[in-house]
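Thanks for making the time this morning.

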Amino acid sequence: MPLRVLPTEIDINFHVNNGMYLMMMDLGRFDALVRSGIWRTIRARRWTGVISDETISFRKSLKLGQRYSVESKIIGFDERAVYFEHRIVSQGDVYARGIVATRLLTQHRASVTLQDLVGVFGNPPEGLELPEWIHEWRDHNAK
């Protein structure tokens, strides 16, 4: 999703405010879900997503007016969440990378089960397996 840094996204140091990167990733996640058709299916079932964990690493600073893109993809899921990777990229360089754990809830606020996800979307593509560090990260945050 191509974007450009706006004046409302910069801080007193004249680069993108760290909190804005999470908003950029929200937009990227929504764009990916809509373009893939997943959003329509989720809404038809009256499911909603809530963020349960996020982690982000910053490598470089985006400046006012700079063009960049948000690259978003699902990297896996487990019984607790669907995991997205987001990368903020400008001219081939990664400026920030985030992992977002999104829990899906039914219209009655119950968690959508892994069985329900597989029943609706099918089995994950072969080789789509969460890295071990994500399991450790989630377990650590659950304590």
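**From one threonine to the whole chain**

Let me begin with Thr102, which has its place in strand β5. Please keep in mind throughout that this is a predicted model. Is Thr102 buried or exposed? Its relative accessibility is 8%, and because buried means under 20%, Thr102 counts as buried. As for what surrounds it, and leaving aside residues up to four places away in sequence, Thr102 touches Arg29, Gly49, Val50, Ile51, Ser52, Ala81, Val82 and Phe84.

Now to the sheet. Five strands form an open sheet in the order β1-β3-β4-β5-β2, and the pairing is antiparallel. The edges are held by β1, residues 2–4, and β2, residues 48–58, each of which has a single partner strand, so one side of each is left without a neighbour in the sheet. From one strand to the next, the twist averages 30 degrees. Within this arrangement, β3, covering residues 67–77, and β4, covering residues 82–90, run antiparallel and are joined by eight bridges; Ser72, for instance, stands opposite His86 in β4. Helix α4, residues 132–141, packs on the sheet, where it touches β2, β3, β4 and β5, and its direction makes about 110 degrees with that of β2.

Which residues make up the largest nonpolar core? There are 12 of them, namely Val5, Val16, Met20, Tyr21, Met24, Met25, Leu62, Tyr68, Val70, Ile88, Tyr95 and Ala96. The elements that give two or more residues to this core are α1, which runs over 18–36, together with β3 and β5, and α1 gives the most, with four residues. In soluble globular proteins, nonpolar side chains tend to be buried together. If we look at one member, Leu62, and again set aside residues up to four places away in sequence, we find that Leu62 touches Val5, His15, Val16, Tyr21, Met24, Tyr68, Ile88, Ser90 and Tyr95.

Finally, the chain as a whole. The protein chain has four helices and five strands, which follow the pattern β-α-α-β-β-β-β-α-α when read along the sequence. Its C-alpha trace spans about 45 × 35 × 30 Å along the principal axes, and 34% of its 143 residues count as buried. Among contacts between residues at least 6 apart in sequence, 68% join residues at least 24 apart. The chain exposes about 8,800 Å², of which carbon and sulfur atoms supply 51%.

Notes:
Residues numbered from 1 in each chain as written. Predicted model: local features only at pLDDT ≥ 70, side-chain atom pairs only at ≥ 80, totals over all residues. Heavy atoms only, no water. Pairing = 2+ DSSP bridges. Axes fitted to C-alpha atoms, helices over the stretch in contact; angles between N-to-C directions. Contact = heavy atoms within 4.5 Å. Buried < 20%, exposed > 50% of the residue type's maximum accessible area, 1.4 Å probe, protein only. Core = buried A, V, L, I, M, F, W, Y, C linked by side-chain atoms within 4.5 Å. Areas by Shrake-Rupley, 256 points an atom, 1.4 Å probe, with all protein chains shown as cover.
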